[in-house]
Amino acid sequence: MIPRIHKRGKRTLGLLYYLYGPGTHEEHIDPHLVASWDHQAPDPGRHPGTTLKDLQRLLDQPLDNIEPTDRPSKHVWHLSVRNAAEDRILTDEEWGDIARRMVAAAGIDDPDQGAGCRWAAVRHADDHIHILATLVREDGYKPDLNHDAARVQAEARLLEAELGLRRLNKGDGTAAKRPTSAERHKARRQGRERTAREELRETVRRAVAGAQNEGEFFDRLAAAGLLIRKRVAPSGDLLGYKVALPDDRNKDNEPVFYPGARLAPDLSLPRIRERWSAADEHDVQDASPADRASLAAPSGPSVARRRTATVAWQALAVIEHGNDAVTAAHIASAAEVLDALAQTSATHTRAELREAALAFERASRSHVRAERGRDRALRKAARELVRGGPALGRGEDGATTAMAIDMLFFLVTAAVHWHAKKGHAQQAAAARQAAEHLRAAYQAASAQPLGALYQRGRRLSRPLLRQQVAVLREALPELSGQVLAEPGWFALAATLADAQAVGYDPTSLLAEVAGRRELDTADSVSDVLVWRLLRRAELPADTSNTASPDRQAEHSASHAVQQARGQTSSRRGRL
């Protein structure tokens, strides 16, 4: 149930004409009253001969009892209450009871004392009602409406539970502004899937992801095709900005601009500037010439994704054990990484990654103020993803995409737990939704690289496969039975053999990567261990063109024999 208090107005009759009219898209059906201040207000929708003017006069009558100078400049209070699409259709009696409880909660009426403002509740659709009230009582008293929005929201949560309706999470005032009904109708008329506000929000967030300064930020906005209007002080200092879609126009054919703060609280210019800490510049200034060259040159999609996986892995410890301010910064920067990954990924994963980024946007803000600076690694990862350019859906690009998504899934899951522990219900729910989209993206991204590893594992010789079983049982005695029963076991066996072939002790390496983080939330323990091993041992993520571990072992042994023979011959020559 969503109660929404609209802007106060001056004309009761004008609002009544809208509520009893056909609507802007003929969506109003059978307008009629379901409740009123005295249960006896005439209903223009059901009482023949009753006009809207009759109802308006009764609602506004208290205004005649006070001096014109004492009247509020805007005396019309307007609240709409809407149910979710999946909720059952309520009766008029139920909606009438909802209306009475809402006006009591807001402070418009006091049923216990029999005193209050005049109000009426109109229903013209199955799923919602509108309540309008005159903000002067008959005795001239004006109600105290401080915090009326919070009070009606609290009442809505009680009504949801009592009526068996969809229960919404309590908000904390940090959510982005929702599109208005006018914006939604306009988007439908123009054939848009989303409103201009929503499109602009996503575009600005993508422009922010990993950006180092204002110049780069505004260059990205311009490259995305947005119209930009900057607000500059007389001193020449930049104070703020607005953006518009080129084809989103008002009735005068002028672009409709939105300030950054109206898109989301953290998209105002001052809040964006907080991300551009001086430390970002020092990272470049203090780097060696070789490091500076590597920072200046694009690293490529697969390298950027490997680094993202590593940074996400490191950020897990901060979110799980860091202080709140630093954790909030890491969660906000993780949102930048998701935005960057979504815009640079291949077609088969892009849709789910985009949905994950859109969902996690709500989880990136709370009343815990982020302490910027120590989240630089995540912001750099976002920057490298953007600079690395679009990734292919196959080969090393596709495999490292799956690796990055796997690590980000655990990072987002940690954010779920942190928000839940802090009582941030909306943020925790948003992070859970993002995790589900990441899970779907992972399935699409991992199918090819894990399939190649699986086939290589199936082709292992029996002695080498038995050797990897022994490694697993020694390193993870409690999990070995579960892992051996998973389809991904053969991919893990092939990865362990690859790590051994390049010089690692597979038992120690497996115990290390398994012990660093819990595995209880993993759908497939073997899959998670594969990606951790590939990242830790810096093995190629795409093994479709790699020799089998048996051949690698043979080659290593042959090379060792040849090296030993060469050393023996050398010694004989010296003798």
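Predicted model: local features only at pLDDT ≥ 70, side-chain atom pairs only at ≥ 80, totals over all residues.
Visitor: Does R71 count as buried, partly exposed or exposed?
Guide: The relative accessibility of R71 is 33%. Buried would need under 20% and exposed over 50%. R71 falls between those cut-offs, so it counts as partly exposed.

Visitor: Where along the chain does R71 lie, and which residues does it contact once neighbours within four places in sequence are left aside?
Guide: R71 sits in a loop that runs between helix 2 and strand 3 (76–82). Leaving aside neighbours within four places in sequence, the residues in contact with R71 are L63, D64 and I66.

Visitor: How far apart in space are R71 and V136, C-alpha to C-alpha?
Guide: In sequence, R71 and V136 are 65 residues apart. In space, their C-alpha to C-alpha separation is 7.9 Å.

Visitor: What separates the C-alpha atoms of L227 and D247?
Guide: L227 belongs to strand 7 (residues 227–232). Along the chain, L227 and D247 are 20 residues apart. Their C-alpha atoms are separated by 9.9 Å.

Visitor: Is L227 buried, partly exposed or exposed, and what is it in contact with beyond four places in sequence?
Guide: L227 has 28% relative accessibility, so it counts as partly exposed. Leaving aside neighbours within four places in sequence, the contacts of L227 are K242, V243, A244, L245, P246, P255 and F257.

Visitor: At what angle do the axes of helix 6 and helix 13 cross?
Guide: Helix 6 covers residues 196–208 and helix 13 covers residues 324–344. Their axes come within 9 Å. The crossing angle is roughly 105 degrees.

Visitor: Is helix 6 roughly parallel, antiparallel or perpendicular to helix 13?
Guide: The axes cross at roughly 105 degrees. Angles of 65 to 115 degrees count as roughly perpendicular. Helix 6 is therefore, relative to helix 13, roughly perpendicular.

Visitor: Which residues make the contact of helix 6 with helix 13, and how do they divide by class?
Guide: Helix 6 contributes R205, R206 and V208. Helix 13 contributes A335, E336, D339, A342 and Q343. By class, the residues of this contact are 3 nonpolar, 1 polar and 4 charged.

Visitor: Is D339 buried or exposed, and what does it touch beyond four places in sequence?
Guide: D339 is placed in helix 13. With 4% relative accessibility, D339 counts as buried, because the cut-off is under 20%. Not counting residues up to four places away in sequence, D339 touches R205, R206, A209 and A357.

Visitor: Is S268 buried or exposed, and which residues does it touch beyond four places in sequence?
Guide: S268 lies in the loop between helix 8 (260–263) and helix 9 (269–273). At 14% relative accessibility, S268 counts as buried. Not counting residues up to four places away in sequence, S268 touches Y241, G260 and A261.

Visitor: What is the phi of H39?
Guide: H39 is in the loop between strand 2 (32–36) and helix 2 (52–60). Its relative accessible area is 61%, so H39 is exposed. H39 is not a glycine, yet its phi is positive, at about 65 degrees.

Visitor: What is the phi of E538?
Guide: E538 is in the loop between helix 22 and helix 23 (549–574). E538 is exposed, with a relative accessible area of 68%. Its phi is positive in a residue other than glycine, near 55 degrees.

Visitor: What is the volume of the second largest pocket?
Guide: The second largest pocket is lined by 21 residues. Y442, Q443, L450, S524 and D527 lie nearest its centre. The volume of the second largest pocket is about 370 Å³.

Visitor: Where does the largest share of the lining of the second largest pocket come from?
Guide: Helix 16 (395–422), helix 17 (425–458) and helix 22 (525–536) each supply at least two residues of this lining. By class, the lining has 10 nonpolar, 6 polar and 5 charged residues. The largest share is 9 residues, and it comes from helix 17.

Visitor: How many of the 575 residues of the protein, in percent, count as buried?
Guide: The protein has 23 helices and 9 strands. Of the contacts with a separation of 6 or more, 73% are between residues 24 or more positions apart. Of the 575 residues, the share that counts as buried is 50%.

Notes: Residues numbered from 1 in each chain as written. Heavy atoms only, no water. 1 Å grid on protein atoms, 1.4 Å probe; cavity = no way out; pocket = protein on both sides within 12 Å on 5 of 7 lines; lining within 4 Å. Points joined across faces, edges and corners; volume = space filled by probe spheres on them. Nonpolar A, V, L, I, M, F, W, Y, C, P; charged D, E, K, R; others polar. Axes fitted to C-alpha atoms, helices over the stretch in contact; angles between N-to-C directions. Parallel < 35°, antiparallel > 145°, perpendicular 65-115°, else oblique. Contact = heavy atoms within 4.5 Å. Buried < 20%, exposed > 50% of the residue type's maximum accessible area, 1.4 Å probe, protein only.
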